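User: I am new to reading structures and would like a close look at one part of this one, namely its salt bridges. Please take me through them slowly.

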Amino acid sequence: NESILRVLEKLPRNRRISVSYQELIANPERTVQKICNFAQISTDETMLAFSRLRHASSATLTPPAPDKWRKSETTIEKFSPLFEPTAKRIAAFHNSQ
């Protein structure tokens, strides 16, 4: 995350986009359209239909959910000091878009 943040921060704002997990889960179709608009590619019905699916990824044990992380909140809090500075930079980067 640190490495990619360093690269992204050097790019002009018109050459980068930020999408949050919450945004993707809350409105996948609009988020796909946002990404395609940014990349200057047209969306097609296949992309939009896929974005409407509410299926679990093959790499997850449970379906996506905005508050899914809370199940492991106690464990996450133990490691928070390690990733908190990077998480703050990610949030600041996302909010600056």
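Analyst: A careful place to begin is with Glu-2, which counts as partly exposed because its relative accessibility is 27%, a value that lies between the limit for buried, under 20%, and the limit for exposed, over 50%. Please keep in mind throughout that this is a predicted model, and that the values below are computed from it.

Glu-2 forms a salt bridge with Arg-89, and the closest N and O atoms of this pair are 2.3 Å apart. The two partners come from distant parts of the chain, since Glu-2 belongs to helix H1, which covers residues 2-10, while Arg-89 belongs to helix H5, which covers residues 73-95, so that 87 residues separate them. Arg-89 also counts as partly exposed, because its relative accessible area is 25%. In general, side chains of opposite charge can pair when their charged atoms come close.

A search of the whole structure finds 5 salt bridges, and two others, described next, can be set beside the pair of Glu-2 and Arg-89.

One of them joins Lys-88 to Glu-84, with the closest N and O atoms 3.3 Å apart. Here both partners lie in helix H5, and because they are 4 residues apart there, about one helical turn separates Lys-88 from Glu-84. Lys-88 counts as exposed because its relative accessibility is 55%, whereas Glu-84, at 34% relative accessibility, counts as partly exposed.

Another salt bridge is formed by Glu-73 with Arg-70, and in this case the closest N and O atoms are 3.5 Å apart. Glu-73 has a relative accessible area of 26% and is therefore partly exposed, and Arg-70, at 45% relative accessibility, counts as partly exposed as well.

For a contrast with these charged pairs, you can turn to a nonpolar patch on the surface, which is formed by Val-19, Leu-24 and Ile-35 and has about 200 Å² of accessible area together. Leu-24 has its place in helix H2, which covers residues 21-26, and Leu-24 counts as partly exposed because its relative accessibility is 37%. That value also passes the cut-off for joining a patch, because a patch is made of residues with over 30% relative accessible area and no salt bridge.

Methods:
Residues are numbered from 1 along each chain as its sequence is written. This is a predicted model: local features need pLDDT of at least 70, side-chain atom pairs count only at pLDDT 80 or more; totals for chains, interfaces and linings use all residues. Side-chain values use heavy atoms; hydrogens and water are left out. Patches are made of residues with over 30% relative accessible area and no salt bridge: like charges are joined within 9 Å, nonpolar side chains (Val, Leu, Ile, Met, Phe, Trp, Tyr) within 5 Å. Accessible areas come from the Shrake-Rupley method with a 1.4 Å probe; for residues, only the protein chains shown count as cover. A salt bridge is a side-chain nitrogen of Lys or Arg within 4 Å of a carboxyl oxygen of Asp or Glu. Helices (H or I, at least four residues) and strands (E, at least two) are DSSP runs, numbered from the N terminus. Buried means under 20% relative accessible area, exposed over 50%, partly exposed in between (1.4 Å probe, protein chains only).
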